[in-house]
Amino acid sequence: MHKDNERGLARFAMQCTLWAERWFPDAWVFAALGVLVVALAALGFGATPKAAVSAFGDGFWSLIPFTMQMAFVVIGGYVVATAPLVARLIDLLARVPRSGRGAICYVGLISMLASLLSWGFSLVFGGLLVRALARREELHMDYRAAGAAAYLGLGAVWAMGLSSSAAQLQANPASMPPGLLKITGVLPFSQTIFLWQSIALTSVLIAVSLLICWFTAPSKDNARTAQDFGVTETATPALPPRSRPGEWLEYSPLLSLLIGLLGFGWLAYEFASKPAVTAIANLNTYNLLFLTVGLVLHWRPRSFLNAVSRAVPSTAGVLIQFPLYGGIAALLTHAPGFGDETLAHRLSGMFVHIASTDTFTLVMGAYSAVLGFFVPSGGGKWLVEAPYVMQAANDLHVHLGWAVQVYNAAEALPNLINPFWMLPLLGVLGLKARDVVGFTFMQMLVHVPLVLGLLWLLGRTLTYVPPMMP
């Protein structure tokens with residue numbers, strides 16, 4: 001009976017994903033439609049065509065620094081995760097589990113802890129750990145369930161950690177659109193991801209996710225291993241031998257060591273001159289740390305460059321979509337209509353009308369989760385939402401840092417069934433979204449009420465603090 005129920009739930013979830021894969025267009029299409037909807041709404045509320053097109057054009061390139069920063073989050077995470085030394089660490093870690101079900105929970109735990117450091121690193125590191133565990137045939141580990149567990153970092157807790165797009169943006173005034181900065185001021189990590197309420201929420205999510213991994217893992221008899229999917233090769237190709245004299249510097253560690261020395265020297269000065277929380281909150285510092293560590297760990301520049309080349313395709317969605325999000329943010333905040341009010345002000349008024357101080361977290365969390373399926377980008381979607389939801393938080397006197405965390409926790413929920421961010425992991429594993437989404441769908445069924453309930457409960461322990469301007 002348990003076997004039939006397990007298959008029935010998984011089959012239902014897979015059918016939902018197959019429908020989405022067939023009928024949902026590329027995420028860029030949703031971003032483009034978002035631009036048109038917001039532009040028409042601005043015009044409908046009295047903005048002139050000149051104001052609308054001016055706002056869109058002015059905002060289109062306004063996020064170039066942030067766009068590059070987020071692309072380097074992906075690249076830095078991939079480079080570190082595929083370094084030879086890290087690969088050997090993965091092989092050592094793969095020796096720990098003693099059963100297939102235990103291996104799946106083990107992958108989930110490591111993936112979620114790694115995602116608190118970097119979601120890009122978590123995806124690749126988790127995928128490579130699954131590949132290493134799959135080589136242990138005596139485990140009889142279900143390859144699909146392990147792949148789903150490796151995705152839990154991005155699907156459950158990534159936005160509660162250091163690579164949170166919204167928290168990073170709010171802590172960096174130079175990266176924020178001017179209109180948003182006026183509404184929220186600067187929110188340091190101490191007011192967002194390092195709140196004790198945020199840490200408590202993250203801890204509960206990790207524990208519950210691991211329980212779900214344990215109870216939904218197929219039995220030994222029902223497990224489908226990597227061999228069943230034809231996955232037998234290593235995920236990271238070996239460095240080819242040097243073929244010409246001009247490549248000697250590419251294969252020598254000299255440049256890696258010298259550049260690494262410069263990078264670590266600057267980082268040491270940065271952390272010595274500022275509190276650690278302030279230093280790591282700067283995206284430039286964060287990305288330089290990962291790139292420098294990756295360069296030194298790869299040892300040879302050619303190995304480092306090959307890893308960067310493999311990582312760059314995963315940044316395509318960020319690079320081509322974020323300019324549209326910049327245009328949307330500007331249309332929301334810089335195209336005044338009737339009464340000289342922008343669309344952001346009108347939307348914030350709607351939130352104030354629908355929600356109260358007590359129910360704001362539930363309304364915002366549900367809204368962010370639904371919108372997240374159509375706009376699968378934590379940073380880009382925050383730029384769309386933040387102008388009006390944060391204005392509403394000010395009007396209702398809701399703790400601004402907790403409003404960011406409401407967004408962070410709720411934004412991750414649709415990731416559990418949205419194939420967009422699964423692609424880098426699936427590329428490492430050699431699987432399709434439909435192979436893993438049955439398991440991630442089970443996670444989402446539990447996470448939705450749990451996350452919304454905890455956001456409401458923990459939010460009641462916080463009081464409003466007015467925006468702090470830089």
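Modeller: A cavity is a set of points, on a 1 Å grid over the protein atoms alone, where a 1.4 Å probe fits but cannot get out; its lining residues have an atom within 4 Å of a point. Grid points are joined across faces, edges and corners, and the volume is the space filled by probe spheres set on the points. The model is predicted: local features need pLDDT of at least 70 and side-chain atom pairs pLDDT 80 or more, whereas totals for chains, interfaces and linings use all residues. Residues are numbered from 1 along each chain as its sequence is written, and side-chain values use heavy atoms, without hydrogens or water.

Searching the whole structure gives 5 cavities of 30 Å³ or more. At least two of the lining residues come from each of the helices α8 (143-150), α12 (196-216) and α24 (433-459); helices are DSSP runs (H or I, at least four residues), numbered from the N terminus. By class, the lining holds 7 nonpolar residues, 3 polar and no charged. Here Ala, Val, Leu, Ile, Met, Phe, Trp, Tyr, Cys and Pro count as nonpolar, Asp, Glu, Lys and Arg as charged, and the others, Gly among them, as polar.

Next comes the packing. A nonpolar core is a set of buried Ala, Val, Leu, Ile, Met, Phe, Trp, Tyr and Cys residues joined through side-chain atoms within 4.5 Å. Buried means under 20% relative accessible area, exposed over 50%, and partly exposed in between (1.4 Å probe, protein chains only). The largest such core has 146 residues, of which Met141, Leu201, Phe360, Met364, Trp382 and Met390 touch the most other members. Helix α7 (residues 119-134) contributes the most to this core, namely 11 residues. Leaving aside residues up to four places away in sequence, Met390 is in contact (heavy atoms within 4.5 Å) with Ile183, Thr184, Leu187, Trp382, Leu400, Ala403 and Val404.

Finally, there are 7 salt bridges in the whole structure, each a side-chain nitrogen of Lys or Arg within 4 Å of a carboxyl oxygen of Asp or Glu. One of them joins Arg144 to Asp142, with the closest N and O atoms 2.8 Å apart; both of these residues are buried. Another joins Arg244 to Glu247, with the closest N and O atoms 3.7 Å apart. Arg244 counts as partly exposed because its relative accessibility is 45%, whereas Glu247, at 13%, is buried.

Note on methods. 1 Å grid on protein atoms, 1.4 Å probe; cavity = no way out; pocket = protein on both sides within 12 Å on 5 of 7 lines; lining within 4 Å.
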